[in-house]
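Hello,

I am passing a structure on to you, with the sequence and the 3D view just below. After that come my notes on what turned up when I went through it.

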Amino acid sequence: GVRVGEDGRLVRAAAGDQDVEIGPVVAVGPEHPLGGAGVEPLPVAGDAVAADLLGRPLEQLRGWIQAGVAHIVDVRSEEHHYWFVAVHAPHITYHWLGVDDDGAPRDADWFEAGVAAMLEAWRDPSASVLVHCQMGINRGPSMGFAGMLAVGWDPIEALTAIRRARPIAKVHYAVDAVEWWLTRSGAAPAQVITEMDRVATWMDANPTYATWINPDPFTHEEH
């Protein structure tokens with residue numbers, strides 16, 4: 001079985017009851033500082049339906065590895081695959097920041113934690129980060145959008161890039177992300193309101209309707 005050792009690292013019992021270390025237990029929270037110059041985001045927020053529902057979790061995980069994913073930011077509240085990834089791909093750093101997709105405003109701590117994880121990963125120029133929720137419509141794209149804001153993207157350009165890569169992404173929490181980032185950056189209240197209105201106007205002018213789910217984040221086939 002798998003357990004957490006006394007030193008906080010993940011271990012698995014091997015033959016002869018000898019513990020074998022298979023990777024660290026990662027905790028990410030708002031105490032992690034934002035920062036890091038010279039980092040570039042992937043201009044797309046990933047998506048995934050729960051791998052165990054597909055009956056091919058290892059295949060999906062190997063696809064992520066082949067795509068160069070070294071960090072996962074999972075924002076689903078429904079479930080997570082932390083232990084599965086820890087056992088089968090211990091080199092991947094897994095951050096579980098699950099929230100419900102209930103349409104309620106997202107608080108600053110959620111964006112802070114997710115963006116901290118992304119920026120820490122992007123200190124390595126070769127690192128790729130998979131940000132995903134259950135269907136790639138609201139939570140995952142919204143967190144990816146927040147990460148793009150943090151490294152200098154204009155909000156409308158970022159939304160356009162996400163929508164181009166993921167046409168069904170509604171990015172429902174984009175206005176919350178703008179409010180979080182500009183407030184955190186010390187922007188004047190009037191500027192915060194102006195940018196929130198600008199994003200809300202763009203979203204109203206560019207609606208999208210999610211009528212299908214793409215269960216494979218490595219294809220764009222309609223299902």
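This is a predicted model: local features need pLDDT of at least 70, side-chain atom pairs count only at pLDDT 80 or more; totals for chains, interfaces and linings use all residues.

Helix α4, which covers residues 108–121, packs against helix α7, residues 174–184, with the two axes 10 Å apart and at an angle of about 80°. Angles from 65 to 115 degrees count as roughly perpendicular, so α4 is roughly perpendicular to α7.

How many aromatic pairs does the structure hold? There are five. In one of them, the ring centres of Y82 and Y94 are 5.8 Å apart and the planes stand at 90°, so this pair is edge-to-face. Y82 belongs to helix α3 (residues 82–88) and Y94 to strand β5 (residues 93–99), so the pair ties together parts that are twelve residues apart in sequence. Both partners are tucked away: Y82 is buried, with a relative accessible area of 10%, and Y94 is buried as well, at 3%.

Another aromatic pair is made by W180 and W181, and this one is tilted, with 5.4 Å from centre to centre and 50° between the planes. W180 has a relative accessibility of 6% and counts as buried. W181, at 19%, also counts as buried, because the cut-off is under 20%. Ring pairs join W180 and W181 with W110 and F111 into a cluster.

Next to the rings, please have a look at R106. Its charged end sits over the ring of W110, at 5.9 Å from the ring centre. R106 also lies over the face of Y173, where the distance to the ring centre is 4.6 Å.

Here is the overall layout, in case you want to find your way around. The protein has eight helices and six strands. Going along the sequence, their order is β-β-β-α-α-β-α-β-α-β-α-α-α-α. Of its 223 residues, 48% count as buried. Among contacts with a separation of 6 or more, 66% are between residues 24 or more positions apart.

Most residues other than glycine have a negative phi. V171 is not a glycine, yet its phi is positive, at about 55°. You will find V171 in the loop between α6 (155–165) and α7. Is V171 buried or exposed? V171 is buried, with a relative accessible area of 2%.

- A121 lies in helix α4 and, at 2% relative accessibility, counts as buried. Leaving aside residues up to four places away in sequence, A121 touches H71, A127 and V129. The C-alpha atom of A121 is 9.7 Å from that of I72, although these two residues are 49 apart along the chain.
- A89 is in the loop between α3 and β5, and its relative accessibility of 1% makes it buried. With residues up to four places away again set aside, A89 touches L61 and I65. A89 and I65 are 24 residues apart in sequence, and their C-alpha atoms are 8.3 Å apart in space.
- G140 is part of helix α5, residues 139–150, and is buried, with a relative accessible area of 0%. Which residue is 65 places from G140 along the chain, with the C-alpha atoms separated by 6.4 Å? That residue is V75.

Best wishes

How values were computed: Residues are numbered from 1 along each chain as its sequence is written. Side-chain values use heavy atoms; hydrogens and water are left out. Axes are lines fitted to C-alpha atoms, for helices over the stretch in contact, and angles run from 0 to 180 degrees between N-to-C directions. Helices (H or I, at least four residues) and strands (E, at least two) are DSSP runs, numbered from the N terminus. Angles under 35 degrees count as roughly parallel, over 145 as roughly antiparallel, 65 to 115 as roughly perpendicular and the rest as oblique. Buried means under 20% relative accessible area, exposed over 50%, partly exposed in between (1.4 Å probe, protein chains only). Contact means heavy atoms within 4.5 Å. Rings of Phe, Tyr and Trp (its six-membered ring) pair if their centres lie within 6.5 Å; planes under 30 degrees apart count as stacked, over 60 as edge-to-face and the rest as tilted. A charge sits over a ring if NZ of Lys or CZ of Arg is within 6 Å of the ring centre and within 35 degrees of the ring normal.
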